[in-house]
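Look at the fold as a whole before turning to single residues.

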Amino acid sequence: MVGGVDAKELRAPVFNIVHGSFVDGWGTRTTIFLKGCPLNCVWCCNPEGQKTYPELRFTQQDCNGCGKCVTVCPKQAIHMDPEKHLAVVDRSQCDDCLACTKICETSAMDVFGKYYSVKEIFDCIARDERYFGSDGGLTIGGGEATYFPDFTLELIRMCHDNYIHVALDTCGFIETENGRKCLEEADLVLFDLKGMDDAQHRINTGVSNQLIHKNLRYRDSLGKDIIVRVHHTGYNASEENLNQTADFLKTLRSIRRVDLLPVHKYGMIKYEQLGMDYAIADVTAYSKEEEAHFVELFRKRGLNVQIGG
């Protein structure tokens with residue numbers, strides 16, 4: 001029991017479930033993405049994972065102009081564009097009651113996120129177990145995998161009781177006791193690093209990196225597998241930062257691989273669907289030669305490194 005609730009009935013909002021992932025840890029995996037994140041990264045590719053509750057996803061291109069959503073919105077947050085004859089959402093008025101999603105015939109009004117209990121998620125994972133093989137399993141990501149620490153810890157333990165390997169994909173900003181237990185008990189941790197300079201880290205993500213580095217050192221002290229994911233974008237890919245990152249990582253003993261994650265714009269459409277501004281529209285990808293140079297910075301320090309992951 002947790003707070004008077006059967007632990008298996010603990011609930012958390014999930015915004016995506018990927019079956020058959022090859023990029024979220026060892027082997028073939030099922031990856032769940034929990035909503036809620038303590039960071040606010042400038043380059044975030046999953047903005048639907050930032051808030052802690054289901055949100056309205058509006059795709060105007062799918063709107064048929066019927067206007068039914070206007071009539072059911074209790075906040076009068078929706079009106080019809082007089083020229084396009086398509087719905088427009090005023091996000092300053094919308095409270096994500098989601099009444100419009102229940103009447104929309106084309107799914108132009110839809111939802112990012114759905115609440116699941118631990119048992120419901122586990123049952124979903126168990127159906128996939130036949131293709132995990134000897135090295136696959138579950139990956140818990142987000143958002144931040146430990147934002148609902150009681151939920152995540154119970155899910156890890158339920159999987160372990162059934163001999164399912166668990167990877168935890170974390171930003172490392174973990175403040176709760178049960179969040180740290182998740183960090184301890186996961187078989188593999190995918191640990192994001194987003195910059196070594198604390199002042200710049202605060203600008204890019206909204207938080208200090210001190211707790212993040214402390215938690216990485218703690219996980220490393222346990223001698224359990226870590227894949228470090230180094231985000232490098234136009235905001236943090238200076239040679240100085242990458243050299244400092246590589247120097248930091250070479251002092252750790254449990255790093256099995258370093259994944260350099262280049263900038264991409266796959267999340268742009270989701271910003272539109274959430275009515276959010278997209279900050280990195282003008283950021284360009286690095287050339288193959290630049291990426292090869294970044295790889296060499298880590299490789300020459302004896303680190304197993306690759307692009308992507």
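The chain exposes about 14,500 Å², and carbon and sulfur atoms supply 48% of this area. Accessible areas come from the Shrake-Rupley method with a 1.4 Å probe, and for residues only the protein chains shown count as cover. The model is predicted: local features need pLDDT of at least 70 and side-chain atom pairs count only at pLDDT 80 or more, while totals for chains, interfaces and linings use all residues. Residues are numbered from 1 along each chain as its sequence is written, and side-chain values use heavy atoms, with hydrogens and water left out.

The C-alpha atoms of the chain fill a box of roughly 60 × 50 × 35 Å, taken along the principal axes. A compact globule of 309 residues would have a radius of gyration near 19 Å, and the chain agrees with this at 21 Å. This radius is taken over C-alpha atoms, and the globule rule is 2.2 Å times the number of residues to the power 0.38. Of the 309 residues, 51% count as buried; buried means under 20% relative accessible area, exposed means over 50%, and partly exposed is in between (1.4 Å probe, protein chains only).

The chain has ten helices and 13 strands. Helices (H or I, at least four residues) and strands (E, at least two) are DSSP runs, numbered from the N terminus. Among contacts between residues at least 6 apart in sequence, 71% join residues at least 24 apart, where contact means heavy atoms within 4.5 Å.

In α3 (residues 118-128), the buried residues are Val118, Ile121, Phe122, Cys124, Ile125 and Asp128. Seen down the axis of α3, these fall within an arc of 160°, so they line one face of the helix. The arc is that of the directions from the helix axis to the C-beta atoms. The buried residues of α3 pack against β1 (11-21), β2 (29-34), β7 (114-117), β8 (137-142) and α4.

In α5 (residues 177-185), Gly179, Cys182 and Leu183 are buried. Down the axis of α5, its buried residues fall within an arc of 100°, so they too line one face of their helix. Their cover includes α4 (149-161), β9 (165-170), β10 (188-193) and α7 (210-221).

Now consider the loops. Glu48 lies in the loop between β2 and β3 (55-58). Is Glu48 buried or exposed? Glu48 counts as buried because its relative accessibility is 5%. Leaving out residues up to four places away in sequence, Glu48 touches Phe15, Lys35, Glu55, Phe112, Lys270 and Leu274.

With 36% relative accessibility, Tyr147 counts as partly exposed. Beyond residues up to four places away in sequence, Tyr147 touches Lys35, Gly36, Cys37, Pro38 and Thr52. A cis peptide bond joins Gly142 and Gly143, with omega about 25°.

Most residues other than glycine have a negative phi, and most peptide bonds are trans. Ser107, in the loop between α2 (99-103) and β6 (109-112), has a positive phi near 65°. Ser107 is partly exposed, with a relative accessible area of 42%. Tyr163, in the loop between α4 and β9, has a positive phi near 60°. At 77% relative accessibility, Tyr163 counts as exposed.
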